[in-house]
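Visitor: Can you walk me through this one? I'll ask as I go.

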Amino acid sequence: MASPPVHQTRRPTVPAAEEILGGYFRVLDHGFVALVDYMGTDDDVERAARVSYGYGTRKVSQTRGLVRYLRRHLHTTPSEMVELKFHCAMPIFVARQWIRHRTASVNEYSGRYSLMPLLFYKPEEEHFALQSPSNNQGRAKQSALPGFDADGLAPSSDFYRESVERWNAVRSRAAADYTWLVENDVARELARIDLPLSTYTQWYWKIDLHNLLHFLTLRVDPHAQWEIQEYGRVMAGMAKRVAPLSYEAWIDYQVMGSRLSRGEINALARLVSVADDGLAARPGTTLSDDDLAQCGLSPREVRELKAKLEPGPVPEFDLDLDKMRDAAEVAEEMQAAVPRGAAGAGGGTP
Ligand SMILES: Cc1cc2nc3c(=O)[nH]c(=O)nc-3n(C[C@H](O)[C@H](O)[C@H](O)COP(=O)(O)OP(=O)(O)OC[C@H]3O[C@@H](n4cnc5c(N)ncnc54)[C@H](O)[C@@H]3O)c2cc1C
C-alpha cells in the first residue's frame, strides 16, 4: 500500500493504528474488514475517567492500571469515548448475526440503489462439517455418521464436493436470474429478492470501544459461528492497535476471564481458604461431581466450571500486514462482480 500524505493534527493518534488505517484485510473468500477511522486511544479512556486536562501527563503504567481497574469493575463509559469506524463485507447470513448488536451505527450497501456484486461465500473444505449431535447451534467435531471420513474426523471430500456442487447450482441460477432481471430493467429492489444468504453485502459500521469489545467477546467466542469469528479476529487485531491497554485488559478479564456464580464460589471455597498471606489449599480435599451438585451446580454448570478452570491458550489476534490491500484494489474486485450490461452498472452506494 502506498504511504499516505502526512497531515498535522492535534488529535491523539496511535502509530500502530495509523499504519493500518484504510487498509483492507480479507476475511473468508470475498469479504473484508478495513479500519477507516478511529477517535481516541487508551489515553482518552483515562482522560474521560478523570475528566482531566490535556495529554501526556501520565505514565503508561498508571494508564494501564486505571484502564484495567475500569474494565474489571465494569466502569464502562470512559471506553465509550473511543470510537472505531469499519468498512466490512460479509455474507448476508453473517450480517444477520452481526446486526443483532444494536449499539453500532450502520449504513449498509443498498441493493435497491446499486447492483449487487454476485459474490457468494463458499466454505473451505477444512471448515465444512456435519451437524453437531450435541449442540443444536454447532458443527460436529467428530462422528461415525455417514458422510464422515474413515477416521470419523471430517466429512469426506466426495461429500464436500457434492455439497459444493449443490450450492453452486443454486447460486448460478440466482446469479443468472438476477442478471436477466436487471438487464431487462426490472427494479433492483425486486431483482435482488431471491439472492441467497451466501451473497456478500457490505456496510460501514461505527461503534465505541466498550461496545466493540462486548461484540468481540461474543463473536470471537467458540460458541459463535466460525465465519463471524473470522471477522471478530481481524477486528480484535485492529482494536489492539487503537487501544492496546484496553485490548490487554479485555483479553485478561473478558476473553480469558470468567464470572463465578454463588454455587461455583461455594465449591471453590471448599477447596481453597483465604490465608493472611495468600490462599491455602485445604489438605486432602477433592470434590466429586456429586459434591459439586450439593454446592447447587447442575450437571451442565459442573461441565462449565471445569471448562472455566481449564482455559485454552491466550489468543493473539495479530494482523498480517503483508496481506493488507488498498481500497482501489478491493473496489475493483467488487466492481468486476457486478452484472455487466445492466442499465447503470457500477452505480455506487447513495
Ligand atoms: C453464540 C450466539 C448465539 C446466538 N443465538 C441466537 C439465536 O438463536 N436467536 C437470536 O435471535 N439471537 C441469537 N443470538 C443473538 C443474541 O441473543 C444477542 O441478540 C446478540 O448477541 C447481541 O447481544 P447484545 O444484546 O448483548 O448486544 P448489543 O445489541 O450490542 O447490546 C450491547 C448491550 O447494550 C444493552 N442493550 C442494547 N439494547 C438494549 C435494549 N433494547 N434494552 C436493554 N439493554 C440493551 C445490553 O446490555 C446489551 O448487552 C446469539 C448470539 C450469540 C453470541
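Visitor: What do β6 and β7 form?
Guide: A hairpin, with two residues between the strands. Bear in mind that this is a predicted model.

Visitor: How many bridges join β6 to β7?
Guide: Four, between β6 at residues 272–275 and β7 at residues 278–281, and the two strands run antiparallel. Ser273, for one, has Ala280 of β7 as its bridge partner.

Visitor: How is the protein divided into domains?
Guide: Domain 2 covers 261–310, while domain 1 is made of 1–120, 198–257 and 316–350. The C-alpha centres of domain 1 and domain 2 are 39 Å apart.

Visitor: Now the five-stranded sheet. What is the strand order?
Guide: The order is β1-β2-β3-β5-β4, in an open sheet with antiparallel pairing.

Visitor: Why is one side of β1 and of β4 left without a neighbour?
Guide: Because β1 (24–27) and β4 (105–108) stand at the edges of the sheet, and each has a single partner strand. As for the twist, the average is 20° from one strand to the next.

Visitor: How many bridges are there between β3 and β5?
Guide: Nine, joining residues 83–91 of β3 to residues 200–208 of β5 in an antiparallel run. Lys85 has Lys206 in β5 as its bridge partner, and Leu84 stands opposite Ile207 of β5.

Visitor: And how many join β4 to β5?
Guide: Four, again with the strands running antiparallel. Glu108 is bridged to Trp203 in β5.

Visitor: Back to β3 and β5, joined by those nine bridges. Which strands does helix α7 touch?
Guide: Helix α7, residues 209–219, packs on the sheet and touches β3 and β5. The direction of α7 makes about 130° with that of β5.

Visitor: What about α8, which strands does that helix touch?
Guide: Helix α8 (residues 226–242) also packs on the sheet, touching β1, β2 (31–39) and β3. Its direction is at about 160° to that of β3.

Visitor: Changing topic: at what angle do α2 and α3 pack?
Guide: At about 70°, with the axes of α2 (residues 42–50) and α3 (residues 60–72) 10 Å apart. That angle makes α2 roughly perpendicular to α3.

Visitor: Which residues make the contact?
Guide: On α2 they are Asp42, Asp43, Val45, Glu46 and Ala49, and on α3 they are Thr63, Leu66, Val67 and Leu70. By class, the contact of α2 with α3 has five nonpolar, three charged and one polar.

Visitor: Last topic, the ligand. Which residues are around it?
Guide: Arg100, His101, Arg102, Thr103 and Gln137 are among them.

Methods. Residues numbered from 1 in each chain as written. Predicted model: local features only at pLDDT ≥ 70, side-chain atom pairs only at ≥ 80, totals over all residues. Near = placed C-beta within 6 Å. Domains from an automatic or database assignment. Axes fitted to C-alpha atoms, helices over the stretch in contact; angles between N-to-C directions. Parallel < 35°, antiparallel > 145°, perpendicular 65-115°, else oblique. Contact = placed C-beta atoms within 7 Å. Nonpolar A, V, L, I, M, F, W, Y, C, P; charged D, E, K, R; others polar. Pairing = 2+ DSSP bridges.
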